[in-house]
Amino acid sequence: MIRRGLAALVLVPLLVVGTADDSRVAVAHSALARITPANGSTVRTAVVEVVLMFNEKISAPSVTVSSVADPTGRGQVVRGASRKVVTFTPSAPLGNGNYTVRWRVRSADGHVVSGVSRFSVRIGS
């Protein structure tokens with residue numbers, strides 16, 4: 001019993017000291033900080049780009065923006081110089097309809113994260 005207590009007194013401080021100053025330890029994966037158009041929003045003009053902003057640098061971005069009229073979600077994906085911003089430019093401006101944005105990126109820690117966002121376009125409403 002005394003040996004267990006002594007072992008705990010020695011090991012616990014070592015664990016705390018060993019991890020307290022390790023700035024290389026990743027505490028979380030990348031997260032979507034903001035998306036434009038916003039999730040659940042209704043836009044009154046044609047959408048010419050969808051911009052995704054992440055809380056940390058990402059790589060290997062994949063984005064599609066699909067609707068019933070265009071289920072393929074074709075467009076160009078460009079990662080910004082900061083490596084935190086991804087811009088999706090559809091092959092044609094997005095007119096009236098409901099759209100689903102599907103994104104997938106690789107976090108700085110190497111893990112893949114993904115998500116879905118939806119918005120509507122109602123021109124002249």
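Four strands form an open sheet in the order S1-S3-S6-S5, with antiparallel pairing. Strands here are DSSP runs of E with at least two residues, numbered from the N terminus, and two of them pair if DSSP finds at least two bridges between them. Strand S1 (32-36) and strand S5 (75-79) stand at the edges with a single partner strand each, so one side of each has no neighbour in the sheet. On average, neighbouring strands of this sheet are turned by 15° against each other, direction ignored; the axes are lines fitted to C-alpha atoms, and angles between N-to-C directions run from 0 to 180 degrees.

The model is predicted: local features need pLDDT of at least 70 and side-chain atom pairs pLDDT 80 or more, while totals for chains, interfaces and linings use all residues. Residues are numbered from 1 along each chain as its sequence is written, and side-chain values use heavy atoms, without hydrogens and water.

Within the sheet described above, S5 and strand S6 (residues 85-90) are joined in the antiparallel sense over five bridges. Gly-75 lies opposite Pro-90 in S6.

Another open sheet of four strands runs S2-S8-S7-S4, and its pairing is mixed. Strand S2 (42-43) and strand S4 (59-66) are its edge strands, each pairing on one side only. Strand S7 (residues 97-106) and strand S8 (residues 112-121) pair in the antiparallel sense over ten bridges, and Arg-102 stands opposite Val-116 in S8.

The count of salt bridges comes to one, where a side-chain nitrogen of Lys or Arg must be within 4 Å of a carboxyl oxygen of Asp or Glu. Asp-70 forms a salt bridge with Arg-74, with the closest N and O atoms 3.9 Å apart.
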